[in-house]
Amino acid sequence: MKADKSTLIFKIQANCSTSKARTADMQLPHHLVPTPIFMPVGTSGCMKGVTTEQLEELDCPLILGNTYHLALQPGKDLLNEVGGLHRFMNWQRAMLTDSGGFQMVSLLKFSEITEDGVKFLSPFDGVTETILTPEHSMEIQNAIEADILMQLDDVVSSLVTGPRVEEAMWRSIRWLDRCFEAHAKPSKQNLFPIIQGGLDLRLRKICVEEMVKRDANGYAIGGLSGGESKDQFWRVVSACTDMLPKDKPRYCMGVGYAEDLVVCSALGVDMYDCVFPTRTARFGNALTRRGGLKLRHQDYESDHTPIEAECSCYTCKTHTKSYVSRLIRQRETVGCHLISIHNLAFQMRLMEDIRQSIKQDKFPEFVQSFMRTYYHERKGQMLVDEENKDDPGKAIGPDGYPIWITNALNSVGINLI
């Protein structure tokens, strides 16, 4: 089944004259989404600690839901009954759903993969079986009625090597065709293929060539952010953006650290998602342009300044580090909620700054300023032990920046010195 081109209109507004960064407007059925964009993850139809109204106040245009978890609760029948997840959770803006494929890695001990699909044992009771096939994944995602839905792919850990990686790539291509065939609402929802192939650039090239033949409305880069070296990570991302169509959105799955968002935008990525901002908030960690703050520490007991002076979110306008730190140390859940709001605001502001710098053709200057601020305390310090000094994915260079970041940015003409 061919993709309906009217359900996603991708208009590039500006290209960086130095790097591969670009900014665009992506019109989806429910909302206009500016790119590059970060998608917060609402696994089961909610953002932990944040209401849909608060997400709108943060000007979040696009969120992600998890097909596997939504299939378990509330289930396909209820979603069909209420007319989709947008209505069920009262979300008026855009939504993307993953296919459930990632659970093949995260819930590997509960799953069994065959050509037909993947059989899961419930992680809740270890007994109840759920069989997820490409057809079933499409059926669930059609019931959810997200603006963008992902193919079911055969996902292997990025640390896996050998024949299993190629097997998963070819199976993902076959499953993509089954997903397109089963997709019941192409006039309302966009189906994205997921590029697989592990860290093998030859396999990535084959996968891109095959999946681009299907002429989808956008493409995802999958199978990364699983513990591989960052120096390998950026090279795979850059190779994929070089090969994927320039007039369609590129989505790098599972990316959410600030430095990764900046680097991958320089490499030509348009969309990201990650549980990191809200998950780390639940441990009392706040994100700032100068690195993370562990507000659980008593160091902040008498710090009566906001988490980040430049931030205009509710938390920073209303409360101090001292107050939030006390809440976290006393295990008051509202403390996690306040940090979650700030962390999501941090991500939204970072992406807006990236977009604006591209429009002004000042993206390289923004990257240099961001990295200088983000790593300023690391200058002149040995932050890596002798065991990792020769690994460019972990080592810090003499300029105080991670070597992988320097390598990645140099590859697209951005020099941090």
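**Figure 1. Asp215 sits in the loop between α8 and β13 (219-221).** The model shown here and in the other views is predicted. The phi angle of Asp215 is near 55°, a positive value in a residue that is not glycine. What makes such a value worth a look? Most residues other than glycine have a negative phi. Is Asp215 buried, exposed or partly exposed? With a relative accessibility of 31%, Asp215 counts as partly exposed.

**Figure 2. Glu145 and Arg331 also take positive phi values.** Glu145 belongs to the loop between α6 (134-144) and β10 (148-150). Its phi is about 65°, although Glu145 is not a glycine. Glu145 counts as partly exposed, since its relative accessibility is 23%.

**Figure 3. A cis peptide bond leads from Thr35 to Pro36.** Find Pro36 in the loop between β3 (32-35) and β4 (37-40). The omega angle of the bond from Thr35 to Pro36 is near 5°. For background, most peptide bonds are trans.

**Figure 4. Helix α7 meets helix α8.** Two packed helices are described by the angle between their axes and the distance between the axes. Here the axes of α7 (residues 163-182) and α8 (residues 201-212) come within 11 Å and cross at roughly 5°. The two helices are therefore roughly parallel to each other. From α7, the residues in the contact are Val165, Glu166, Met169, Trp170, Ser172, Ile173 and Leu176. Their partners in α8 are Arg202, Leu203, Ile206, Cys207, Glu210 and Met211. Sorted by class, the contact has 9 nonpolar, 1 polar and 3 charged residues. As you follow a helix with your eye, keep in mind that an α-helix has 3.6 residues a turn, so residues three or four places apart point the same way.

**Figure 5. Helix α13 has buried residues covered by other elements.** Which residues of α13 (residues 321-329) are buried? They are Lys321, Ser322, Val324, Ser325, Leu327 and Ile328. The elements that cover these residues include β17 (293-294), α12 (314-318) and α14 (333-359).

**Figure 6. Five strands form an open sheet with parallel pairing.** Strands of a sheet pair through backbone hydrogen bonds, either parallel or antiparallel. In what order do the strands of this sheet stand? The order is β4-β15-β14-β13-β12. At the edges are β4 and β12 (194-195), each with a single partner strand, so one side of each is left without a neighbour in the sheet. Further in, β13 and β14 run parallel and are joined by 3 bridges. Ile221 has Cys252 in β14 as its bridge partner. Helix α14 lies across β4 and β15 (271-274), running at about 165° to β4.

**Figure 7. Val41 lies in the loop between β4 and α1 (52-57).** Val41 counts as buried because its relative accessible area is 11%, and buried means under 20%. Leaving aside residues up to four places away in sequence, Val41 touches Met47, Leu64, Asp273, Cys274 and Val275. Thr23 is 18 residues from Val41 along the chain, and their C-alpha atoms are separated by 22 Å.

**Figure 8. The structure holds 7 aromatic pairs.** The rings of Phe233 and Trp404 have centres 6.4 Å apart and planes at 80°, so this pair is edge-to-face. The pair links distant parts of the chain, 171 residues apart: Phe233 is in helix α9 (residues 230-243) and Trp404 in helix α16 (residues 403-411). Phe233 is buried, at 1% relative accessibility, and Trp404 is buried too, with a relative accessible area of 4%. Tyr257 and Phe276 also form an edge-to-face pair, with 4.5 Å from centre to centre and 75° between the planes. Tyr257 is in the loop between β14 (250-252) and α10 (258-266) and Phe276 in helix α11 (residues 276-281), so the pair ties together parts 19 residues apart in sequence. Tyr257 is partly exposed, with a relative accessible area of 37%. Phe276 counts as partly exposed as well, at 21% relative accessibility.

**Figure 9. Ring pairs link six residues into a cluster.**

Conventions:
Residues are numbered from 1 along each chain as its sequence is written. This is a predicted model: local features need pLDDT of at least 70, side-chain atom pairs count only at pLDDT 80 or more; totals for chains, interfaces and linings use all residues. Side-chain values use heavy atoms; hydrogens and water are left out. Buried means under 20% relative accessible area, exposed over 50%, partly exposed in between (1.4 Å probe, protein chains only). Helices (H or I, at least four residues) and strands (E, at least two) are DSSP runs, numbered from the N terminus. Contact means heavy atoms within 4.5 Å. Axes are lines fitted to C-alpha atoms, for helices over the stretch in contact, and angles run from 0 to 180 degrees between N-to-C directions. Angles under 35 degrees count as roughly parallel, over 145 as roughly antiparallel, 65 to 115 as roughly perpendicular and the rest as oblique. Ala, Val, Leu, Ile, Met, Phe, Trp, Tyr, Cys and Pro count as nonpolar, Asp, Glu, Lys and Arg as charged, and the others, Gly among them, as polar. Rings of Phe, Tyr and Trp (its six-membered ring) pair if their centres lie within 6.5 Å; planes under 30 degrees apart count as stacked, over 60 as edge-to-face and the rest as tilted. Two strands pair if DSSP finds at least two bridges between them.
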